Amino acid sequence: MSNGSSISISDQSDHSVLNTSNLVINLSVVIWTICLSLITVLANLGTIIAFWKVKGLREKPSNLLILSLAFVDLFKGLIMIPYHLSFGIFGGRWIFGELGCKFYDAMAYASVTNGLLILCTISLDRLLLVKLQYPKCIKFQSKPRILLAISICWILSLAAAIIDIGFWEYAKSTSLIAAYINFDFVCLSPTRWIPEVSLIFLFTFLFTPVFLVAVFSLAFLHALHLRLQKIKRVGPEDESTVASTTGPMTSEKRLQRSRNRYLKPAMTLGALVTAMCVSTLPYFSYVVVIGLICPTCLKPIIVYYLVLLLYCTSLFDALMYGITESKLRKFYISCFKRLTERR
């Protein structure tokens with residue numbers, strides 16, 4: 001997660017991220033990263049405001065998972081991406097010292113792990129939706145249960161940060177940091193340059209949540225297929241336990257409503273999982289796979305862009321949820337209309 005920190009300790013003097021001889025390339029990278037940070041902040045801030053303003057978004061307890069994800073993504077846009085940007089601006093040189101490196105690395109673990117754990121919980125929530133049927137799932141998805149799940153995600157992500165800081169203290173006590181790392185030049189945490197520890201962290205706090213998301217998502221797709229087949233064969237589900245605000249409906253409309261109850265959450269999950277795959281898998285493939293086979297083959301410039309792509313998840317999440325959630329779309333459209341009317 002560190003800024004190009006997967007390089008060897010012996011290579012501290014040769015790991016410039018940007019091409020210092022090409023001003024155009026440098027400016028394009030800086031401008032792109034600044035835009036990414038601003039758009040990420042605005043998109044996730046819009047999601048948070050929408051939850052505050054739109055009562056319909058707050059009525060469903062499981063939507064609190066999306067709200068929690070928005071807060072994590074907002075933190076990445078406000079803090080983590082600017083930290084990463086500074087590393088690029090100064091040509092690969094770290095300017096925040098040891099304390100700044102410790103904060104960045106711990107918060108990187110916490111924020112990325114939290115986002116993946118929340119997504120894992122969302123995929124499990126969607127799986128329960130089709131397994132329990134809609135009426136039973138609504139009863140099961142109580143607000144206390146959802147808040148407990150969110151609390152567990154935050155606790156586990158903070159645990160990752162605390163463990164990371166613990167390795168710093170261990171390295172200090174054994175004089176490893178003082179002997180090998182110059183924090184006026186490079187940010188390289190003990191969880192990065194100790195190969196065994198690095199692998200344990202990657203597989204425990206990153207690979208495992210990604211694997212669980214994949215398992216829950218595939219199980220959800222299978223259960224969804226079976227549920228839709230059953231609705232088609234048997235007919236609409238019993239809606240006696242679900243409040244209806246549309247009055248009497250024809251059998252065709254009731255059938256379509258039963259399908260939409262499962263298809264709409266499927267679209268949201270599909271969008272979020274797609275965003276995760278696009279932004280996360282390249283980092284894993286390069287840093288983990290190539291790093292294991294040939295550690296010296298890792299290029300800091302590639303690691304820099306892959307970490308930036310990893311943070312792009314924060315923007316993708318907000319955009320994907322905004323596209324798939326009708327209430328959120330209506331909120332953005334109404335805000336846009338108000339702005340144009342004022343002009």
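Biologist: What makes helix 4 stand out in the lining of the largest cavity?

Modeller: Its share. In this predicted model, helix 4 gives 4 residues to that lining, the largest share. Helix 3 (63-89), helix 4 (97-132), helix 10 (251-293) and helix 12 each supply at least two residues.

Biologist: Which residues line the largest cavity?

Modeller: Among them are Leu69, Asp73, Val112, Leu116, Met276, Leu310 and Asp317. By class, the lining divides into 6 nonpolar, 3 polar and 3 charged residues. Gly115 is in the lining, and Gly counts as polar here.

Biologist: How do you know that the space is a cavity and what is its volume?

Modeller: A cavity is a set of points where a 1.4 Å probe fits but cannot get out.

Biologist: Helix 12 keeps turning up. Why is helix 12 called roughly perpendicular to helix 13?

Modeller: Look at the crossing angle. The axes of helix 12 (residues 313-324) and helix 13 (residues 326-342) cross at roughly 100 degrees and come within 5 Å. Angles of 65 to 115 degrees count as roughly perpendicular, so helix 12 is roughly perpendicular to helix 13.

Biologist: Which residues make that contact?

Modeller: From helix 12 come Tyr321, Gly322, Ile323 and Thr324, and from helix 13 come Ser326, Leu328, Arg329 and Tyr332. They divide into 4 nonpolar, 3 polar and 1 charged.

Biologist: Why are helix 11 and helix 12 called roughly parallel?

Modeller: The axes of helix 11 (residues 300-311) and helix 12 cross at roughly 30 degrees, coming within 4 Å. The cut-off for roughly parallel is under 35 degrees, and therefore these two helices are roughly parallel to each other.

Biologist: What makes the contact between helix 11 and helix 12?

Modeller: Helix 11 brings Leu309, Leu310 and Tyr311, while helix 12 brings Thr313, Ser314 and Leu315. In this contact 4 residues are nonpolar, 2 are polar and no residue is charged.

Note on methods: Residues are numbered from 1 along each chain as its sequence is written. This is a predicted model: local features need pLDDT of at least 70, side-chain atom pairs count only at pLDDT 80 or more; totals for chains, interfaces and linings use all residues. Side-chain values use heavy atoms; hydrogens and water are left out. Axes are lines fitted to C-alpha atoms, for helices over the stretch in contact, and angles run from 0 to 180 degrees between N-to-C directions. Angles under 35 degrees count as roughly parallel, over 145 as roughly antiparallel, 65 to 115 as roughly perpendicular and the rest as oblique. Contact means heavy atoms within 4.5 Å. On a 1 Å grid over the protein atoms alone, a cavity is a set of points where a 1.4 Å probe fits but cannot get out, and a pocket is an open set with protein on both sides within 12 Å along at least five of seven lines; lining residues have an atom within 4 Å of a point.
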